[in-house]
Amino acid sequence: MISERQYRSQIVHFGKMLHQRGYVAATDGNLSVLCSGNRILATPTCMSKGTLRPADVVAVDTEGRSLGGGRSVSSEIGMHLLIYKLRPDVRAIVHAHPPTATGFAAAGLALNQPLVCEVVIGLGSIPLAGYGTPGTPELAESLAPLVAEYDAILMSNHGVVAYGDTLDNAYMKMETVEHFAQIALVTHLLGRQQPLGEPELQKLFVARTNYQKARCEATSPGSDGNRQGNHSKRSLRTGRTGRTGLNVAQSEG
Ligand SMILES: [Zn+2]
């Protein structure tokens with residue numbers, strides 16, 4: 001079992017990674033982890049993610065109320081609380097403003113073209129949520145319809161949020177989104193896209209479902225049964241109904 005001290009170190013580590021890779025500027029971005037006992041550890045407001053120390057990380061309950069510590073929690077904590085509420089399998093969230101993915105979000109473009117097989121397996125598709133003013137309930141409301149079906153979401157004129165069962169996985173999804181946005185941008189510069197076709201996508205969705213099931217089984221000992229159950233159902237639902245959000249038919253040639 002991971003101690004609170006280790007979780008605080010993880011938040012500091014991945015905050016630094018976001019800053020070093022240029023995914024956040026100034027005091028942008030926020031990270032959180034849901035610990036045992038419904039205690040949420042999150043980054044404080046108004047601090048660079050490049051200079052955080054473990055003692056700066058704040059603790060709140062699932063309503064966002066302070067559980068001690070000298071700093072105020074991120075003003076975007078409402079978005080984190082909503083995701084934990086809607087996705088019982090999620091235990092960590094990363095929000096940042098990586099430039100290329102945020103460029104797509106500012107252009108009103110989702111990353112929903114199946115251009116790269118690994119992205120289809122890992123994330124399925126990355127939809128675009130409507131705009132919501134940061135620090136207000138509007139932000140969470142704009143994400144709410146998408147949280148159950150996706151693990152990473154573009155936020156219009158704002159940035160990206162990604163989440164997973166560990167902070168490591170949530171952070172890696174953020175990297176995947178930005179990397180895929182760079183690849184998609186190159187296809188726009190080349191003036192041509194060649195999306196995967198339906199037969200290839202069907203095979204990838206089978207691989208995606210198997211991958212998620214294998215991950216659930218691999219993390220089974222000591223983890224919360226309800227959380228895994230929901231995750232498994234969500235994966236299978238995606239495979240069965242084909243609600244992928246992928247825009248298969250359109251090719252910008
Ligand atoms: Zn933001």
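1. Strand β5 and strand β6 (residues 152-155) pair in the parallel sense over two bridges, where two strands count as paired if DSSP finds at least two bridges between them, and strands (E, at least two residues) and helices (H or I, at least four) are DSSP runs numbered from the N terminus. Met-155 of β6 is the bridge partner of Ala-129. This is a predicted model, in which local features need pLDDT of at least 70 and side-chain atom pairs count only at pLDDT 80 or more, while totals for chains, interfaces and linings use all residues. Residues are numbered from 1 along each chain as its sequence is written.

2. The open sheet has seven strands in the order β3-β2-β1-β4-β7-β6-β5, with mixed pairing. Its edge strands, each pairing on one side only, are β3 (58-60) and β5 (128-129).

3. The buried residues of helix α7 are Leu-201, Leu-204, Phe-205, Arg-208 and Gln-212, a residue being buried if 20 or more other C-beta atoms, placed from the backbone, lie within 10 Å of its own, and exposed if 12 or fewer do. They cover an arc of only 110° around the axis, which puts them on the same side of α7, the arc being that of the directions from the helix axis to the C-beta atoms.
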